[in-house]
Amino acid sequence: MSLLEDLNWRYATKKMNGQAVPQDKVDYIVESARLAPSSSGLQPYRLFVISNKELLEKIQPIAFDQAQITDGSHLLVWAAWDGYSHNSISEVFEKTTSERGIPKEAMDDYKTRLWGMYEPLGNEWHATHAAKQAYISFGLAIAAAAEQKVDATPMEGFNNQALDELLGFAEKGLKSVVILPLGYRDTSGDWLVNLKKYRTPKDEFITEIK
């Protein structure tokens, strides 16, 4: 099945049936998220995969009691760095050069230029930029879930501060950005399942400049 067919199949599932997603499918979705591109290859975010039912029950009220949190199988949580620093950028570049088998100093000039751009922009810009990178990973996870015929519901509707506190993100230098329950649709209880998918028509959505 093609990616376009997979994307037409998927929708923001409103009711899940509690069936567990096989671990190999979860692993595939998570690996797709890990392989996502990011600005300068920094990957300034981390992904948390939660299947602990007691913890999911604590998260549900934080997510405005959305049923998919507990009716689903797994919850993916993207948490972005709360800011950039010279040290955090250096650490990524050192690991990159080591993995590539090139001299540690090979990226020094680029690192200096990058931090020279980032530092004056301040922490608010840093956090926003890091969150944007997390969304790239988030998008690929949604597409991978569709490919695996796993339902997923993109969610920004949750109390970020409360979730950060529950999961101890501040101590890790992270802030929650977006969450994604994984599971399988309850075809008898989901009001959206049989409704036609709507997207902006091509002639309105796409402008070609030649």
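**Close-up 1. Ser73 sits in the loop between α4 (68–71) and β2 (74–81).** Helices here are DSSP runs of H or I with at least four residues, strands are runs of E with at least two, and both are numbered from the N terminus. This is a predicted model, where local features need pLDDT of at least 70, side-chain atom pairs count only at pLDDT 80 or more, and totals for chains, interfaces and linings use all residues. Residues are numbered from 1 along each chain as its sequence is written, and side-chain values use heavy atoms, with hydrogens and water left out. Is Ser73 buried or exposed? Ser73 counts as buried because its relative accessibility is 6%; the cut-offs are under 20% relative accessible area for buried and over 50% for exposed, with partly exposed in between (1.4 Å probe, protein chains only). Its side chain makes a polar contact with the side chain of His74 at 2.7 Å. A polar contact is a pair of N or O atoms within 3.5 Å; within protein, one must be able to donate a hydrogen and the other to accept it, and residues adjacent in sequence count only if both atoms are side-chain atoms. Leaving aside residues up to four places away in sequence, Ser73 touches Gln19, Ala20, Val21, Ile50, Ser51, Lys53, Leu182 and Gly183, a contact being heavy atoms within 4.5 Å.

**Close-up 2. Glu31 and Arg34 pair up in a salt bridge.** Their closest N and O atoms are 2.6 Å apart. To count, a side-chain nitrogen of Lys or Arg has to be within 4 Å of a carboxyl oxygen of Asp or Glu, and by this rule there are eight salt bridges. Both residues belong to helix α2 (residues 23–34), and because they are three residues apart, about one helical turn separates them. Glu31 is partly exposed, at 32% relative accessibility.

**Close-up 3. Helix α5 (residues 86–100) holds both Glu91 and Lys95.** These two are four residues apart, about one turn of the helix, and their side chains meet in a salt bridge at 3.3 Å, N to O. Glu91 is partly exposed, with 44% relative accessible area, whereas Lys95 is exposed at 55%.

**Close-up 4. Lys104 reaches Glu94 through a salt bridge.** Here the closest N and O atoms are 3.9 Å apart. Lys104 is in the loop between α5 and α6 (108–118) and Glu94 is in helix α5, so this pair ties together parts that are ten residues apart in sequence. Lys104 is exposed at 55% relative accessibility, while Glu94 is partly exposed at 35%.

**Close-up 5. Leu3, Leu4 and Leu7 make a nonpolar patch on the surface.** Together they have about 290 Å² of accessible area, worked out by the Shrake-Rupley method with a 1.4 Å probe; for residues, only the protein chains shown count as cover. Patch members have over 30% relative accessible area and no salt bridge; nonpolar side chains (Val, Leu, Ile, Met, Phe, Trp, Tyr) are joined within 5 Å, like charges within 9 Å. Leu4 lies in helix α1 (residues 3–9) and is exposed, with a relative accessible area of 63%.

The protein chain has nine helices and four strands. Buried residues make up 42% of its 210 residues. The C-alpha trace spans about 60 × 50 × 30 Å along its principal axes.
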